[in-house]
Amino acid sequence: MIGELKIFSGQATRQLTEKVCHHLNQPLGQMEAFRFSNDNFFVRIQENVREADVFVIQTSVPPVDANLMETLITIDALRRASAARVSAVLPYYPYARSDKKDQPRIPITARLVADLLTAAGADRVITFDLHADQIQGFFSIPLDHLSALPLLTDYFAAQQIPDLVVVALDTGGVKRATEAARRLDTDVAMMDKRRIGNQQRVTIKNIIGEVAGRPVLIFEDEIQTGGSLLAAGELLRARGATDIYVACLHPAFTKDAAGMLSSFRFKEIVVTDTVPLPPRTDFPGLSVVSVAPLLAEAIRRTHHGESISTLFS
């Protein structure tokens, strides 16, 4: 029988983990993590976890490699401290975009991360909105794939925006945008976005769907530089769209993203907290919807052996 529930936080996700613990009325697990002078990580669990059901929450933010390594070492420390089960909770999965071999002689790093988590001793993984569903197949251990899409669509549904159109920035986002449009009971449109090589530059050629004279909601899985959104916003305005809203599942902002996005003056940009926003990222129209209540309920259900899928029914 699985023992006591315990939740630990990586250094990158302390605020989100504290929110999760608050929803579960659960104390945050005590541990220390630091680097020695030779740059090696040291982790020590500072409480008894023997036969406990442990969840380690850590998201992917710069420095990505260091945060991933801290997660692996923490899992190993918990295993060696005789935890009964260790679940790695990764709100934003590391290297999620490296999920296929679409060029010669390149790695599939998302699969490598899956192998590393398993080798470190994780029994289960919980994550949000993977870049590609195929990543679930990289694991030989159970993976619970949560989605923040219902949280974002509920937010916009409450605003009752008339004649709204949901827009997918590329073919990869059509499935997600279609589901958002279904939940909002509205139309969907798609943009023809093409990425230039391995550079973070894109070109958008066309829009499939009617947006003239209508407010639009661009649904993105993640934002990094904001370049794709600016290009999309300019084309949408040129095609006659009125107010332009943005919903983003993972706000993986680079240091210049906030300035670029605020300069365009979108009507509203709504993001989740699967990734903590960089310091001083605050501009008019930016709103944050927390995934903490959903993640807390998923952890509670996992601990008690209850269904996760019914969360999204």
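1. How do the residues of the lining of the largest cavity divide into nonpolar, polar and charged? In this predicted model, the lining comprises 4 nonpolar residues, 5 polar ones and no charged residue. The residues concerned are Gln 58, Thr 59, Ser 60, Val 64, Asn 67, Leu 68, Thr 71, Leu 90 and Pro 94, and helix H2, which spans residues 64-80, supplies the largest share of them with 4 residues.

2. On volume, the count comes to 2 cavities of 30 Å³ or more; the largest cavity holds about 30 Å³ of space, and the volume of the second largest cavity is likewise given as about 30 Å³.

3. The second largest cavity is lined by Ser 9, Gly 10, Met 31, Val 56, Gln 58, Glu 70, Thr 71 and Thr 74, a set that divides into 2 nonpolar, 5 polar and 1 charged. Here too H2 gives the most to the lining, this time with 3 residues.

4. A separate point concerns Gln 30, which sits in the loop between helix H1 (14-24) and strand E2 (31-35). With a relative accessible area of 42%, Gln 30 is partly exposed, because that value falls between the 20% and 50% limits.

5. As for its surroundings, Gln 30 is in contact with Phe 8, Ile 45, Gln 46 and Glu 47, once neighbours within four places in sequence are left aside. Its side chain reaches the backbone oxygen of Leu 28 at 3.0 Å, while the C-alpha atoms of Gln 30 and Ile 7, 23 residues apart along the chain, are separated by 8.9 Å.

How values were computed:
Residues numbered from 1 in each chain as written. Predicted model: local features only at pLDDT ≥ 70, side-chain atom pairs only at ≥ 80, totals over all residues. Heavy atoms only, no water. 1 Å grid on protein atoms, 1.4 Å probe; cavity = no way out; pocket = protein on both sides within 12 Å on 5 of 7 lines; lining within 4 Å. Points joined across faces, edges and corners; volume = space filled by probe spheres on them. Helix = DSSP H or I, 4+ residues; strand = E, 2+ residues; numbered from the N terminus. Nonpolar A, V, L, I, M, F, W, Y, C, P; charged D, E, K, R; others polar. Buried < 20%, exposed > 50% of the residue type's maximum accessible area, 1.4 Å probe, protein only. Contact = heavy atoms within 4.5 Å. Polar contact = N/O pair within 3.5 Å; in protein donor to acceptor, adjacent residues only side chain to side chain.
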